[in-house]
Amino acid sequence: MLSWIERHAYVLLAVAALALAGGLVFDALQTDSPGDIVFHEASEARDGEPIRVHVAGAVVAPGVYDLQAGDRVEGALAAAGGATSDADLDAINLARRLRDGEQVVIPAGTKRSSASAATVAPLNGKLDLNTATQAQLEALPAIGEAYSRRIVDSRAVDGPYKSIDDLVTRKVVPNATFEKIRDLVAVAP
């Protein structure tokens, strides 16, 4: 019998290793699973949670203010002491909800009536994306109220446009719409 074991030692060793591995796998399957995977929502604050917003531009007291999620741009403006006399409040969406860490820039400029706003074109017949009002932008082909609001909001949140291509890179308007207005808009140097 001893000679049989010596001849088949490798086979016995392989069977023992398989038995051990099978036991480990069986034991792993019998233990509780680590639990369900939990996906967290984006880092958006829920209404009422504290947020910080930087208010700049044509306001009485520019600075960083503690507000609450769900507050609107008009609340940030009020926290900064209100608008100065040269503020162009028609150029921004006062009803837009604020996000934590954003900068709200209240533009300064002369207020224009909506009737004359659509006809003003300051850059060699082209509309400047950094100074155009929502009414002026709506007068462009393929730009309605929604896209004009997005252009103005992006300018306020992400800063002034450096080139007209920012409309696409910031995903403010789709390529097809951009091609329709490419020759009608510009960015002042």
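Select β1 and β2 to begin: together they form a hairpin, with 5 residues between them. Strands here are DSSP runs of E with at least two residues, helices are runs of H or I with at least four residues, and both are numbered from the N terminus. β1 covers residues 50-57 and pairs with β2 in the antiparallel sense over 6 bridges; two strands count as paired if DSSP finds at least two bridges between them.

This is a predicted model, in which local features need pLDDT of at least 70 and side-chain atom pairs count only at pLDDT 80 or more, whereas totals for chains, interfaces and linings use all residues. Residues are numbered from 1 along each chain as its sequence is written, and side-chain values use heavy atoms, with hydrogens and water left out.

Next, display individual residues of the hairpin. Val-53 stands opposite Tyr-65 in β2, and Val-55 has Gly-63 of β2 as its bridge partner.

The 3 strands form an open sheet in the order β2-β1-β3, with mixed pairing. At the edges are β2 (63-68) and β3 (103-106), each of which pairs on one side only. From one strand to the next, the twist averages 35 degrees, where axes are lines fitted to C-alpha atoms and angles run from 0 to 180 degrees between N-to-C directions.

Move on to Gly-144, in the loop between α5 (134-138) and α6 (145-158).

Colour the chain by pLDDT, the predictor's confidence in each residue from 0 to 100. The mean for the protein chain is 80, and 81% of its residues reach 70 or more. Among the elements, β2 has the highest mean pLDDT (93) and helix α4 (residues 114-117) the lowest (39).

Finally, show the whole chain. Its secondary structure comes to 8 helices and 5 strands, and 30% of its 189 residues count as buried.

Definitions and conventions: Buried < 20%, exposed > 50% of the residue type's maximum accessible area, 1.4 Å probe, protein only.
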